[in-house]
Amino acid sequence: MTKYTYDYVEKGVVKRHYVSGLKYIAVAYSHKKKVLFEKFDTLEEARACYAKYAQTHSNFNGKDLKGKRFVKLVALYPVSQSDNKPMKWHCKCDCGNEVDVITNSLTSGNTTTCGATVHNKKHLEKNKKLLNKKIEQYGTVPEYLLEKKRSNNQSGYKGVTKITKKNGKIKYQAKLTFARTEYTGKEYDTVREAYAERLELERKYFRPVLNRFIEDKEKELATQKSGDPIKQDLINLLYKQTKKLGRIPKSTEFKKYNQAAYRFGSWGEFVQSAGLIDDKKRNTASTKVTNEQLFRNLKREYKKNGKVPVRTKFKHGQTAVNRFGNWDTFVRAAGLEPRNSTRLKLKLSREDILKEFQKRVKELGRVPTNKEFKYYYKTVTYFGSWASFLKIAGYEDRAKKSTRVWHSNAEFIQELQDAAKRLHRIPKSTECEHGSQIVKRFGSWTKALIAADLYAKKRPD
């Protein structure tokens, strides 16, 4: 069965090579169902068809959000967007401001306010109360004790400072801050000695607080009557391992990582659900990058370097590929041209392949085999198979012939005997032209040599 592929042209338009020729197709989806699929000979006709459908069905690529509330935002009406840009809704905030928000940002819960400082102040005040409550209870914020090393850490180890002396010598020193008191260790020549002292300080000051914090979390989990029992068992297991290690375990250290990632969606969501990350950082960590932010970051990289970055050099490259299907589609959606666009323009059409095939026929003076034609794989993609391509090219009689010539047992035996005479010894399977076919025909190379009277049971001393 042939798999048909469609090439992206622009928003709402794709193209595909049929036997009858190139067609442009106007496509639209609603709730993962195809609601528009019409073929045209020209790009302008397909583009006009999609534009007409988009005007008459303004909400075809999403739900009708008119009048719906999203925390502090109320959707009023959709905002028409140009090609390659996602649909937006004009919303009114409770504070009186009006903003345009992407549909996905509203439905996913990523955007709930207009972004005014009045909302941030309330959020900060709420977090401040929670932090003060934890400091009164434990003397510190327990989640801060479980944080990873900072991004600007120069030693490579959490809680170890790299010190450069005036004479150029490098020293390492362990530091720990607990209950508004800083504890410093000795200066060492090696980072491992300093880190060992840091671990001793953590056992002395951090462990008692962490054990008490996790015990409270376990009690809180035990009082919850409702919920998924499997999720509760996984969280309990995480608490025990955190208590044992004195830190949040890595995903590779957690025995039931696959089950946790499946149940909670990801390892980060699992740790957040267990309450081992403070609420303020949990909110920022769980916020997904919107399409608008992806476009903005890509354009910033383009202005900085003067060219479109490759996927591996882009911070959210895999996220962009997951959302848009491939990197080139994402770059075009951002309003830029992919780096390999010139190569894509040089892609051969069906007519070009037929012309190249006729040139090859003239060069060889005969019909080439599939291995002798360098565009064989493109040919199979466009025409379905090599035989159907030969029929379209006007070599139907050649298409009926088998590409592999059948040989009899006598011909294989003669080939073995000729090879032995040429080499003055028993030949190997790789030294014969049809070695693999001979092995399949006789069952093994040894049986083929016996049939050709070339196998010596006793080798001379």
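# Exercises: sulfurs, helices, rings and sheets

The closest cysteine sulfur to that of Cys93 belongs to Cys95, and at 3.7 Å it is too far for a bond. Before we go on, a word on the model: it is predicted, so local features need pLDDT of at least 70 and side-chain atom pairs count only at pLDDT 80 or more, while totals for chains, interfaces and linings use all residues. Residues are numbered from 1 along each chain as its sequence is written, and side-chain values use heavy atoms, leaving out hydrogens and water.

## Exercise 1: the cysteines

Work out how many disulfides there are by this rule, where a disulfide is a pair of cysteine sulfur atoms within 2.5 Å.

*Solution.* Start with Cys93, whose closest cysteine sulfur, in Cys95, is 3.7 Å away and therefore too far for a bond. Next take Cys95: its own closest cysteine sulfur is in Cys114, at 3.5 Å, again too far for a bond. The count comes to zero disulfides. Cys93 is buried at 4%, whereas Cys95 is partly exposed at 36%.

## Exercise 2: an open sheet

Give the order of the three strands in the open sheet and say which of them stand at the edges.

*Solution.* The order is β9-β10-β11, with antiparallel pairing. The edges are β9 (160-164) and β11 (181-188): each has a single partner strand, so one side of each is left without a neighbour in the sheet. From one strand to the next the twist averages 30 degrees; here axes are lines fitted to C-alpha atoms, for helices over the stretch in contact, and angles run from 0 to 180 degrees between N-to-C directions. Five bridges join β9 to β10 (residues 170-178), and Val160 has Ala174 in β10 as its bridge partner. Finally, α5 lies across β9, β10 and β11, at about 5 degrees to β10.

## Exercise 3: the length of α6

Check whether the span of helix α6 agrees with its 17 residues at 1.5 Å a residue.

*Solution.* The expected span is 1.5 Å times one less than the number of residues. For α6 (residues 229-245) that should be 24 Å, and the end C-alpha atoms are 24 Å apart, which agrees. Buried residues of α6 include Leu234, Leu238 and Thr242. Their cover includes α5 (191-223), α7 (257-264) and α8 (267-273), by contact, meaning heavy atoms within 4.5 Å. Just after α6, Gly246 takes a positive phi of about 80 degrees.

## Exercise 4: aromatic rings

State how many aromatic pairs a search of the whole structure finds, then describe the pair of Phe357 and Tyr395.

*Solution.* Rings of Phe, Tyr and Trp (its six-membered ring) pair if their centres lie within 6.5 Å; planes under 30 degrees apart are stacked, over 60 edge-to-face, and the rest tilted. The search finds 23 pairs. Phe357 and Tyr395 are edge-to-face, with 5.8 Å between centres and 70 degrees between planes. This pair links distant parts of the chain, 38 residues apart: Phe357 in α14 (residues 350-364), and Tyr395 in the loop between α16 (386-392) and α17 (396-400). Phe357 is buried at 0% and Tyr395 is buried at 18%.

Phe373 and Trp386 have centres 6.1 Å apart and planes at 45 degrees, so this pair is tilted. Both residues are buried. Ring pairs join these four residues into a cluster whose members include Phe357, Phe373, Trp386 and Tyr395.

Note on methods. Buried < 20%, exposed > 50% of the residue type's maximum accessible area, 1.4 Å probe, protein only. Helix = DSSP H or I, 4+ residues; strand = E, 2+ residues; numbered from the N terminus. Pairing = 2+ DSSP bridges.
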